[in-house]
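Me: I have a structure open and would like to talk it through. Could we take it piece by piece?

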Amino acid sequence: MGVPLALAGALLLLTQAGAGESPAPASGDARVRAEAERALSDASALLGSGKPESKREALARLDVALRGWRALGEQANEAETLLRRGAAYGDLRRYPDELEDGQAALRIVQRLGDPRAQARAFYLIAQARIGQYDFDGSIEAFERAVELRRAVGDRSEEADLLYELSYAHRSRGDYGRAVEIARLELELRRRLGNRSLEAWALMSLGAACISAGAHQEAIDTHREALAMFRELGDRESEGLAMQRLGAFYQGLGDSRAALTASEEALAIFRVHKNADGEITAYIVAGAAHLALGDAEKGLEVYLQALRLCRETGERSRLGAALIHVGNALSRLKRYEEALPYLEEAMGIATETKNIWTEAEVLAALGAVHLGSGRIDEARVSLRRAAEMSRATNSRIRETKVLNQLARIARDQGDLADARAQLEAAVRNIEADRARLASPGLRAAFVSAAQQTYELYVDVLMALAAREAGAGHRERALEAAELARARGLLDQLAEAGIEIREGVEPGLLQEERRAQERLAAALDRQLRVTRDPGAKGQEEAAARAVRSQTLEWEAAREKVRASSPRFSALREPPPITVDEIRADVLDDDTVLLEYALGEARSFLWLVSCDAVQSFELPSRAAVEAAARAARPRLTEPPRRRASAPPAGDLDTLGRMLLGPLAGRIEGKRLLIVADGALHYVPFAALPDPDGSGQPLVVGHEIVAAPSASVVSLLRRDHAGSGPPASKTLAVLADPVFERDDERLPTSTRAALATGRPVAEGALAQALRSAGMERGLARLPFTRREAKAILALVPPDQRKAALDFEASRATAADPTLADYRFVHFATHGFLNSAQPALSGIILSLYDREGAEARGFLTAADVFSLHLKADMVVLSGCHTALGEEMRGEGLVGLSRGFMYAGTPRVVASLWRVDDAATAELMKAFYRGLLNHRLPAAAALRQAQLQMWRRPRLRDPFYWAGFQLQGEWR
């Protein structure tokens, strides 16, 4: 009960302490004494084997010894034997027998005045009471044992008892006290100098912190313990630390990280045949699959955990496995199948008096009843689950329950109650989010909570329809902003400070080493996929990349946590409607903000003097229309197998812009999209004025992750110091292939026998970008580069072509000297690992040596730019992984973090010849006519549209301006 593997040996020694003492015999027969001593020796050997059947044999031998000591009247030996037998009963979960022996031993040793033996007796009593769920009695006994050990100076044993005492307080639900005691244990372990037990103390503190809602500290302590276990070579304990980290990540909504951690833990547990660890890791992995949308896979993994629980008789996790199976079946709408699992779990919760498990069962039952249409039963279960979640300080579970209660209230027309439930849920989300130091975890946490924000917007808009003029429409827009791009807002705020200033050099070195290990893992993955002799190693290499990515992120977070500047950084609040109107918009600009919802969606039109809103179809309908229109936009006209269905763009345009007819004439449009709308080029949609012309004809168009982001970009760039001293840097026409004519002839001949460079992770990314045939040279990018460089005086420009269009050039600090930075090359999107999306630069140097030529989104975050604008004249460069509430996490976002307030990038694989024409026109407007970026892009796109050969949106509509337009 609460005893980790690493402490098992220590606790066995604790129960056997004093066994080597030889109390003076009071009287008795030598034969009886010899038989008792032999029985005690036999029992010790049997107990040492660790096998359950051996423990049962040991009990019989201990009974013999006990009869002998009582016959001889030797109370010290009688007490010793009672303590050993009680410990054996505890191992066999015969807790009433364990308690009886502990109390009997205590009476004897109190008469004898032996404080060490008394401490052991109290420990036995405490363990027995935990086994019977008498947590108050357990805490009282542990506290007595701690006092006795402290009094005699047994600091190591005191630390062992503090570990157990913290666990007992957690079990009772007193999480604050559990954290206090765990801190005392950790402090004591550090003084004693046992690194292994110090690592376990960190785990204990982390477990207490997660119960108390201190999620970031729980993660940090477990990461520290993980590093110590690795240093010690303790693989099994490393697996447990990794598995717990996975559970924490999953609880906070970072399901990809949770899956990576749980799979690594599973691999360790299988090697060590640790069934208990496997069960927990399966449960975490199942939850991750469920959250990632694969309920069938989640159910499959949960059933494996359940099977192991039943095979091993593991009751402590059986309830959790049953609940998770029930949840998966509920997600699959197999409600009646879910009920027996949840009812069995409730039986276990009642039997064990575990209110944590009971609250989980009630929440799961509420979802099943709700899905089955049993509304009254659902409400009863959910209300009780909410009460118990508050009692156990589980804000994450309480939030989910409040969300379901609000849905019931809304559907029954009680909008006031629905609003109250959702506002409580949002307060919980914001409170938990504020306690996370990692922007990545914050973003994942808010992303996982999008359902709550979405429902909150829906309820506020329903209230707006019922109570016109009461401000509900404005509050709904603010709620939508509250859910948008919070991670990017945090990172932009962080980007404005020198976060590493004042950080301990050792932590900075640890961060650098973690980054190097990640690079090494990526290189290893590339080598494995390129080597025919390394078949079967691909998954291990990929797993190593995922694991090293987590370690690198952990090292970065430790730097943040210890940075004085980061500690002083205030979280940027989401913007209010009044601030949008006063600080973001102007007389020529209106905001169009979309929020997609399950039953209906919304569009807000905000100008300097008014806020209007419009109801749109459901998320499913809007996204279906966007998907139907996409082939019409992304495929070149000559490749379209047949004419696209008439009206695809018209249908989407009417759906998204129809309500705006007569309301936006001549205005610049700042568009905050949602979901699949991030992939829609609004410039190509028909104008709602009825002219049939594309929207770009009458409007400048700017995209943004949120209005709050625009406000922060504007503020930070205004205060970023003097502008860059030079005008334009261009990286274009890199060297991709081994047969490129720019390579020396001898080098090309030597390389001809080798394997192509586009292998491994890069090849996978290229396939996802539709470039599986390889990396063709882009000759028009050279023409593009020369044309735009010609607009700038020689001393104001930098031309990095051929081999100079390299990763080294992109990372060169002197790039910060240029106002405009232009990349004309291939881009790629890695959907499985968004951090490995990027742009491809030269893959060879002048001597023909292979070079790491792709600049990933993760790399971009480490650049430092003062550029007014970055232009990504490549394929898919505006895109990334869609994270609900964050928009698309990709290259554009990375460059904003690196210091530029505006980015021009593409939404699909663009035509390089057409792009060269577009970019020449764009830079002429920008540099010759001094137009703002949004106006220059519109002018360039209009020039393309007016040319019959390039009129199709495929050629010009893929590029969009993101961020600041002024």
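Me: What covers the buried residues of H17?
Reply: This is a predicted model. In it, the cover over the buried residues of H17 includes helix H16 (315-331) and helix H18 (355-371).

Me: Which residues of H17 are buried?
Reply: Tyr335, Ala338, Leu339, Leu342, Ala345, Met346, Ile348, Ala349 and Thr352 are buried in that helix.

Me: And what span does H17 reach from its first C-alpha to its last?
Reply: Helix H17 covers residues 335-352, which is 18 residues, and it reaches 26 Å. That is close to the 26 Å expected at 1.5 Å a residue.

Me: Let us turn to the strands. Why is E2 described as largely enclosed by the rest of the structure?
Reply: Strand E2 runs over residues 601-606, and six of its six residues are buried, so the strand is largely enclosed by the rest of the structure. Ser601, Leu603 and Leu605 point one way from E2, while Phe602, Trp604 and Val606 point the other way, and all are buried.

Me: In what sense do E1 and E2 pair, and over how many bridges?
Reply: Strand E1 (residues 589-595) pairs with E2 in the antiparallel sense, over five bridges. A hairpin of five residues joins E1 to E2. Within this pairing, Ala595 has Phe602 in E2 as its bridge partner.

Me: How do E2 and E3 pair?
Reply: E2 and strand E3 (residues 611-616) are antiparallel as well, with six bridges between them. They form a hairpin with four residues between the two strands. Here Phe602 stands opposite Glu615 in E3.

Me: Which residues is Glu615 linked with in a network of salt bridges?
Reply: The network links Glu615 with Arg410, Asp411, Asp458 and Arg600.

Me: How many salt bridges does a search of the whole structure find?
Reply: The search finds 61 salt bridges. One of the pairs is Glu593 with Arg484, whose side chains meet at 3.2 Å, N to O. This pair links distant parts of the chain, 109 residues apart: Glu593 is in strand E1, and Arg484 is in the loop between helix H24 (472-482) and helix H25 (486-495).

Me: Are Glu593 and Arg484 buried or exposed?
Reply: Both Glu593 and Arg484 are buried.

Me: Where do Arg619 and Glu623 lie?
Reply: Both lie in helix H30 (residues 619-634), four residues apart, about one turn of the helix. Arg619 forms a salt bridge with Glu623, and their closest N and O atoms are 3.8 Å apart. Both Arg619 and Glu623 are buried.

Me: What does Arg714 form with Glu964?
Reply: Arg714 and Glu964 form a salt bridge, with the closest N and O atoms 2.6 Å apart. The pair links distant parts of the chain, 250 residues apart, with Arg714 in helix H33 (residues 707-718) and Glu964 in the segment after strand E16 (959-963).

Me: Why do both of those count as buried?
Reply: Buried means under 20% relative accessible area. Arg714 has 14%, so it is buried, and Glu964 has 5%, so it is buried.

Me: Lastly, the whole chain. How many helices and strands does it have?
Reply: The protein chain has 42 helices and 16 strands. Buried residues make up 58% of its 966 residues. The accessible surface comes to about 38400 Å², and 49% of that belongs to carbon and sulfur atoms.

Key: Residues numbered from 1 in each chain as written. Predicted model: local features only at pLDDT ≥ 70, side-chain atom pairs only at ≥ 80, totals over all residues. Heavy atoms only, no water. Buried < 20%, exposed > 50% of the residue type's maximum accessible area, 1.4 Å probe, protein only. Pairing = 2+ DSSP bridges. Expected span 1.5 Å × (residues − 1). Contact = heavy atoms within 4.5 Å. Areas by Shrake-Rupley, 256 points an atom, 1.4 Å probe, with all protein chains shown as cover. Salt bridge = Lys/Arg side-chain N within 4 Å of Asp/Glu carboxyl O.
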